[in-house]
Amino acid sequence: MTTGQGALQGELNFTRVPQLLAQAEALGAGGTLDLGGVSNADSAGLALLLELSRRSKVRGKHLSINGANEQIVRLARFFGLDKILRFE
């Protein structure tokens, strides 16, 4: 994460989110999060993205989310979170 960008891989789901939440400070610290390696997400994964975004705002930054696949973007739209999360 020396480039200022956090990255996630695999699935963002109910099973993995607790362990990823423990890494939240490092994941969103650079203001950019790469989801290019994420295969799919469920509502728990979206909750993680919201929390990372919230923590970035507390630090005075906006979290940019790059590389999200269509499934993740559609799920965010379904819940109306595409207006809150910054997908690039």
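## Helices against the sheet

Helix H3, residues 43–58, lies across E1, strand E2 (32–41) and E3, and runs at about 165 degrees to E1. Helix H4, residues 70–78, lies across E2 and E4, at about 95 degrees to E2. These arrangements belong to a predicted model.

## The sheet

The sheet is open and consists of 4 strands in the order E1-E2-E3-E4, with parallel pairing. Strand E1 (5–12) and strand E4 (86–87) are at the edges; each has a single partner strand, so one side of each lacks a neighbour in the sheet.

Strand E3 (residues 64–66) runs parallel to E4 and is joined to E4 by 2 bridges. Ile65 has Phe87 in E4 as its bridge partner.

## Ser64

Ser64 is part of strand E3. Is Ser64 buried or exposed? The relative accessibility of Ser64 is 15%, and buried means under 20%, so Ser64 counts as buried. Leaving out residues up to four places away in sequence, Ser64 touches Gly31, Thr32, Leu33, Arg86 and Glu88.

## The chain as a whole

The protein chain has 4 helices and 4 strands, which follow the pattern β-α-α-β-α-β-α-β along the sequence. Of the contacts with a separation of 6 or more, 75% are between residues 24 or more positions apart.

The radius of gyration is 12 Å, which agrees with the value near 12 Å for a compact globule with 88 residues. The C-alpha trace spans about 30 × 25 × 20 Å along its principal axes. Buried residues account for 36% of the 88 residues. The accessible surface is about 4800 Å², and carbon and sulfur atoms contribute 54% of that surface.

Definitions and conventions
Residues numbered from 1 in each chain as written. Predicted model: local features only at pLDDT ≥ 70, side-chain atom pairs only at ≥ 80, totals over all residues. Heavy atoms only, no water. Pairing = 2+ DSSP bridges. Contact = heavy atoms within 4.5 Å. Axes fitted to C-alpha atoms, helices over the stretch in contact; angles between N-to-C directions. Buried < 20%, exposed > 50% of the residue type's maximum accessible area, 1.4 Å probe, protein only. Rg over C-alpha atoms; globule rule 2.2 N^0.38 Å. Areas by Shrake-Rupley, 256 points an atom, 1.4 Å probe, with all protein chains shown as cover.
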